[in-house]
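Okay, thanks for coming, everyone. Let me put the model up on the screen, and then I'll walk you through it.

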Amino acid sequence: MGSRLPRRYWLTGAGNGIGASLAEAILETGAYLAISSRSARSCETLSVRYPEQVLTVPGNLTDSQTVREIGEQIARQWGGLDSVILNAGTAEYVDGQPADHTLIEHIVRSNLLAASFCIEVAMPLLRAGAEPHLVGITSPVTYLPPSQIETGDNAMRHLFESARAGLASADVDVTLVHPGYDGPLLKPDSCFPTPAHRSADEAARHVLDQLVQRPQEVALPIASMTALWPLPSSTETMQADTESCQAKNGYPIKGQP
């Protein structure tokens, strides 16, 4: 009997924070990894360190043609995918104030639209994979009340639930990872476990450990969002559609799409 081939992953938002830590942890298992990030430099660094394992596929994931080209490159290289982890996107905190329309547009494009493009491209690649698994990492808005946070991220939940239904016949498991708890946030005097002060490396290993069981959801209680999804450094630039928003509302970047 021949040895089992390494798993083939596609990870988006791999430039920093938990995305970069997930990339390291996956590569340490000997798996093949296609990495997407706006930062070509971060992709190239991993490619140098793991030359036989890394396929660099950087690009703007809010552009459908770019995402299709990424899918075509992965198909030519590997023929299919076994795991897809979508981590790219943004999370915005507005302290109960109405969000500017440009901010809303940016969040929809960088989270919902980018994820939908990636899922569409990933579906045939996963159907060609072994024990395929689609994973989405989303912001805590799924569980926090609208008065505390506003991004419309419930749409991300519906997107992945639709993907689960569409992929069920192909035996593709779908998991949604969210910072937060196993259920909706209760009143302030409710007793929840204290959120963990996890580093990005610790959070990444926790997520990968949980994904082994392929649950429908994985909760990640954390004390600091910016520890896992840091703001870009001063040497990094954001797209024009985010610059005016960032000036008024600092937000952690999950891994720019």
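Ser21 is buried, at a relative accessible area of 9%; buried is under 20%, exposed is over 50%, and partly exposed is in between, with a 1.4 Å probe and protein chains only. Leaving out neighbours within four places in sequence, Ser21 is in contact with Ala200, Asp201 and Ala204, where contact means heavy atoms within 4.5 Å.

Quick housekeeping. This is a predicted model, so local features need pLDDT of at least 70 and side-chain atom pairs count only at pLDDT 80 or more, while totals for chains, interfaces and linings use all residues. Residues are numbered from 1 along each chain as its sequence is written, and side-chain values use heavy atoms, with hydrogens and water left out.

So what about confidence? pLDDT is the predictor's confidence in each residue, from 0 to 100. The chain averages 76, and 63% of its residues reach 70 or more. Over residues 141-152 the pLDDT is below 50, and beyond near neighbours in sequence that stretch has 29 contacts in the model. Residues 232-253 are below 50 too, with 44 contacts in the model beyond near neighbours. Where pLDDT is low, the predicted coordinates should not be read in detail.

Now the overall picture. We have eight helices and nine strands. The chain has 257 residues, and 49% of them are buried. Of the contacts with a separation of 6 or more, 70% are between residues 24 or more positions apart. The accessible surface is about 12300 Å², with 51% of that belonging to carbon and sulfur atoms; that's the Shrake-Rupley method with a 1.4 Å probe, and for residues only the protein chains shown count as cover.

On to the sheet. What order do the strands take? It's an open sheet of seven strands, S3-S2-S1-S4-S6-S7-S8, with parallel pairing; two strands pair if DSSP finds at least two bridges between them. The edge strands, each pairing on one side only, are S3 (54-56) and S8 (217-220). From one strand to the next, the twist averages 15 degrees. Axes here are lines fitted to C-alpha atoms, for helices over the stretch in contact, and angles run from 0 to 180 degrees between N-to-C directions.

Let's zoom in on S7. Strand S6 (residues 133-137) and strand S7 (residues 173-179) run parallel and are joined by five bridges, with His133 opposite Asp173 in S7. Helix H6, residues 200-211, packs on the sheet and touches strand S4 (83-86), S6, S7 and S8, its direction making about 155 degrees with that of S8. On the S8 side, S7 pairs in the parallel sense over four bridges, and Pro179 stands opposite Leu220 in S8. Six of the seven residues of S7 are buried, so the strand is largely enclosed by the rest of the structure.

The C-alpha atoms of Ile137 and Leu86 are 6.1 Å apart, although the two residues are 51 apart along the chain.

Next up, H3. Gly71 is in that helix and is buried, with a relative accessible area of 7%. What does Gly71 touch, residues up to four places away aside? Val121 and Leu125.

The structure holds one aromatic pair. Rings of Phe, Tyr and Trp (its six-membered ring) pair if their centres lie within 6.5 Å; planes under 30 degrees apart count as stacked, over 60 as edge-to-face, and the rest as tilted. Ours is Tyr32 with Trp78, stacked, at 5.9 Å centre to centre and 25 degrees between the planes. The pair links distant parts of the chain, 46 residues apart: Tyr32 is in strand S2 (residues 32-36) and Trp78 is in helix H3 (residues 64-78). Tyr32 counts as partly exposed because its relative accessibility is 30%, whereas Trp78, at 16%, counts as buried.

Terms used. Helices (H or I, at least four residues) and strands (E, at least two) are DSSP runs, numbered from the N terminus.
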